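Thanks for coming. I have one structure to walk through today, and I will keep to what can be read from the model itself.

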Amino acid sequence: MPYRLLFFLLGLFLLVQPDHALAQARLTLSGYVRAAGTNEALPGATVAVPALALGATTDDSGFYTLTLPAGPQELAVSFIGYQSLTKSVTLTRNQRLSFSLLEDSNTLGEVVIEGSGTLREKLQTTQMSVERLTSREAKLLPALFGEVDLLKTLQLKPGVQNGGEGTSGLFVRGGSADQNLFLVDDAVVYNPSHLFGLFSVFNPDAVQSVDLYKGGFPAQYGGRLSSVVDVKMRPGNPEKFTTSGGLGLISSRLTLEGPLPNRKGSWLVSGRRTYFDVFTRQVNKLNEGKEDWNPIPDYYFYDLNTKGNYTLGAKDNIFLTGYLGHDVFGFNSTNGFNFDFSWGNAVASARWNHVFNKRLYANTTAAFTRYDYRISNALDQFSFDLSSQIRDFSLRTDFDYALNDRHAVKFGAAFTDHHFGTGRLKAGAEDNSFNFGSDINYRGQEAGLYASDNFRASDKLQLEYGLRVSGFQSGSDQFGGLEPRAAARYSLTPNISLKANYALMYQYVHLVSNSGASLPTDIWYPSRLSVKPQRSQQVATGVSFLLGDGAYLLTNELYYKWAQRQIDFKDGAQLFVNPDLDSEFLFGRGWAYGNELYLEKKTGRTTGWVGYTLAWTKRRFPPQNGTTGINNGNTFYPNYDRRHNLTVVVLHQLSHRINLTGSFVFTSGQATTLPLARFVFQDVQGSNPSAVPIYPQRNTYRLAPYNRLDLGLVYKLRPIREGGESDLTFSIYNAYNRRNPYFVYFDQVKDKETTRVLSYRARQVSLFPVIPSVTYNFKF
């Protein structure tokens with residue numbers, strides 16, 4: 001194809017072109033950036049030479065590398081929340097130089113939004129459509145039930161929609177919930193939600209940073225169409241043993257961390273558990289024996305994060321990461337009916353970081369991922385058990401090579417062995433009068449190979465281009481494709497940058513869901529037979545302005561995304577324990593386009609951001625598989641289409657002890673399908689007539705607009721012991737008690753005397769009223 005040849009020739013030209021600036025000696029400066037006191041690595045810290053407009057960011061282990069001219073240089077090292085550092089150095093040879101940054105309590109680092117350098121550095125990078133968050137920011141924002149949620153913080157960014165009231169699913173730039181790739185230290189997490197989607201699985205005490213890519217995806221990422229959420233866990237304190245945690249209304253957290261005995265590494269263990277079940281069991285026990293008492297279902301979730309790192313030598317480090325999370329829902333009635341529902345994730349990864357020389361280093365990661373759910377029912381002598389699972393074994397290696405001060409090259413490969421348990425059914429009777437079962441399993445192998453180059457063509461122009469080759473095999477079915485990536489940044493002035501990017505993505509695994517929101521019972525299914533990989537292409541362009549002496553950054557981005565082989569299901573589809581699930585799919589096309597306007601401020605006593613998105617999302621599924629398609633093949637809006645989305649986030653330091661926070665959200669109403677009319681028929685003379693609803697085409701109605709104001713206050717208490725800290729966090733969720741629509745149903749309006757149905761009235765169900773909460777957080 002022409003574009004493949006174009007990218008190859010462009011890369012070859014840029015790599016071999018003469019560079020007169022390299023006539024003088026070039027030397028390599030490398031090292032680590034860590035936090036003073038704890039010696040914790042600071043990934044995303046910036047080491048720059050402002051006079052040369054050169055810079056580098058640290059990787060996950062805090063390592064950086066720069067190629068600079070020989071002679072005296074003035075270095076600037078920065079990381080949000082820490083005091084910036086300048087240092088003069090004279091380069092006469094390749095040199096290793098590490099930095100320790102002091103936490104900055106005077107510049108309000110704890111209320112700053114970004115964690116990846118200054119606004120000017122964000123202005124000058126080729127990356128666009130990227131957001132970085134730290135757990136420090138999320139802990140300050142108001143939270144539902146006081147439970148801090150990193151995914152809900154991401155929902156406050158432009159271009160990111162939520163799935164509805166109380167859900168933590170992400171719908172990014174018109175993509176569906178299954179088109180987001182969630183990574184924890186390079187291991188995939190398939191269901192990132194607790195409590196039926198109300199909270200995410202990411203414990204903020206164990207998280208160091210979260211990067212959200214909405215577009216312009218770097219070549220190392222693949223396998224999903226809409227976004228990448230890259231979560232990095234904290235490695236633990238390598239200097240001293242510390243304890244931190246929090247006590248909230250519905251859950252508590254505890255984190256332990258410290259150095260290894262030989263001081264060559266560190267470890268961290270962080271746990272969290274809700275205690276709904278503690279209260280519900282007591283209430284059920286107090287009402288035990290009452291004839292009219294309906295027991296309250298049992299529910300709780302827990303998660304456990306672990307991470308350790310060990311320094312093998314000056315050039316080698318080992319990182320081990322583990323995650324285990326589980327949700328348990330149970331109902332045991334007095335009449336013999338029992339219902340149990342459980343689901344959860346297990347993740348383990350091991351990463352080896354090796355520095356070959358001053359210019360080249362590599363990360364090699366082996367990972368295991370498992371997600372499963374199980375539903376068990378029992379009624380008298382009969383039992384029923386339904387379950388599904390996906391397991392991954394993966395291996396990837398990534399190389400970073402600093403060719404010179406103009407070219408930063410990345411290349412690598414990844415392989416994943418998927419195991420899909422799409423349906424396991426067991427049913428029978430205790431007396432063995434009958435028993436039956438079914439077990440449907442598939443396997444698939446996914447592989448990717450990539451290379452990219454970040455090229456500084458001049459002081460004004462910077463390019464990043466790359467190519468990813470991906471493939472998938474399930475049985476005898478094979479699929480694959482080329483995924484080109486390109487991005488460019490041009491500086492009109494020192495305070496204005498123009499940016500653009502393009503990305504083509506393939507998705508080889510699909511979420512089989514019978515609802516608009518991601519539920520724990522959704523099944524992951526491989527590309528096979530007629531179920532071909534989904535594919536999308538996205539182009540985006542934008543302009544960034546640095547305003548007010550660098551205090552504000554204003555960005556405006558336009559994007560257009562078109563996708564092929566989007567998946568939905570025909571009416572009445574049988575999704576569970578179906579050996580011919582391929583026949584239940586419908587395939588169509590999708591389009592999403594919009595404009596994202598974003599203003600952020602992160603210096604001074606008041607910080608925050610304002611984001612506004614104007615967007616359209618459309619789908620079309622023509623007639624196929626003996627059906628009329630969806631909406632007779634006409635284009636429609638999916639239920640996560642939102643025309644307008646406005647978010648305002650403000651964080652203000654009232655004093656060195658008191659921080660005030662607030663967030664406001666307004667979105668257009670959710671698209672939904674409601675009956676247009678009803679017709680009445682009577683099949684047997686003398687029987688009661690029945691009213692059958694008549695539905696129009698899909699999603700032709702909109703629920704009322706969604707809006708909500710959350711308020712928060714963080715009060716720092718005096719430390720219990722030297723070096724410790726604690727605070728009380730007060731939150732008011734939905735401060736003005738807006739009754740936002742969760743769903744709409746129709747109630748019968750009857751004649752009081754004859755009880756004859758006269759009409760039907762639409763009624764709205766709302767989920768959350770105003771909810772105050774308080775959390776006690778501590779560290780010592």
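Predicted model: local features only at pLDDT ≥ 70, side-chain atom pairs only at ≥ 80, totals over all residues.

Residues are numbered from 1 along each chain as its sequence is written, and side-chain values use heavy atoms, with hydrogens and water left out.

First, confidence. pLDDT is the predictor's confidence in each residue, from 0 to 100. The protein averages 82, and 86% of the residues score at least 70. Helices (H or I, at least four residues) and strands (E, at least two) are DSSP runs, numbered from the N terminus. Among these elements, strand β30, residues 496–507, has the highest mean pLDDT, 95, while helix α1, residues 2–16, has the lowest, 43. Over residues 1–23 the pLDDT stays under 50, and the model has 21 contacts there beyond four places in sequence, a contact being heavy atoms within 4.5 Å. Residues 105–117 also stay under 50, with 48 such contacts.

Now the strands. Two strands pair if DSSP finds at least two bridges between them. Strand β28, residues 461–474, pairs with β29, residues 477–493, in the antiparallel sense over 14 bridges. One of the bridge pairs is Gln462 with Arg489 in β29. The two strands form a hairpin with two residues between them, and Gly475 in the turn has a positive phi of about 65 degrees. How many residues of β28 are buried? Ten of its 14 are, so the strand is largely enclosed by the rest of the structure. Buried here means under 20% relative accessible area, exposed means over 50%, and partly exposed lies in between, with a 1.4 Å probe and protein chains only.

Further along, β35 (residues 585–601) and β36 (residues 606–620) pair antiparallel over 13 bridges. Leu599 stands opposite Val610 in β36. This hairpin has four residues between the strands, and Gly604 takes a positive phi near 95 degrees. β36 is also joined to β37, residues 644–653, by nine bridges, again antiparallel. There, Trp609 has Val649 in β37 as its bridge partner.

Next, helix α5, residues 276–286. Its buried residues are Asp277, Thr280 and Asn284. On the face turned away from the buried side are the exposed residues Phe279, Lys285 and Leu286.

Last, three single residues. Most residues other than glycine have a negative phi. Ser129, in the loop between α2 (119–124) and β9 (130–133), has a positive phi near 60 degrees. Ser129 is buried, at 2% relative accessibility. Arg565, in strand β34, residues 552–569, also has a positive phi, near 55 degrees. Is Arg565 buried or partly exposed? Arg565 is partly exposed, with a relative accessible area of 30%.

Arg456 lies in strand β27, residues 435–456, and is buried at 11%. Its side chain makes a polar contact of 3.0 Å with that of Asp459. A polar contact is a pair of N or O atoms within 3.5 Å; within protein, one must be able to donate a hydrogen and the other to accept it, and residues adjacent in sequence count only if both atoms are side-chain atoms.
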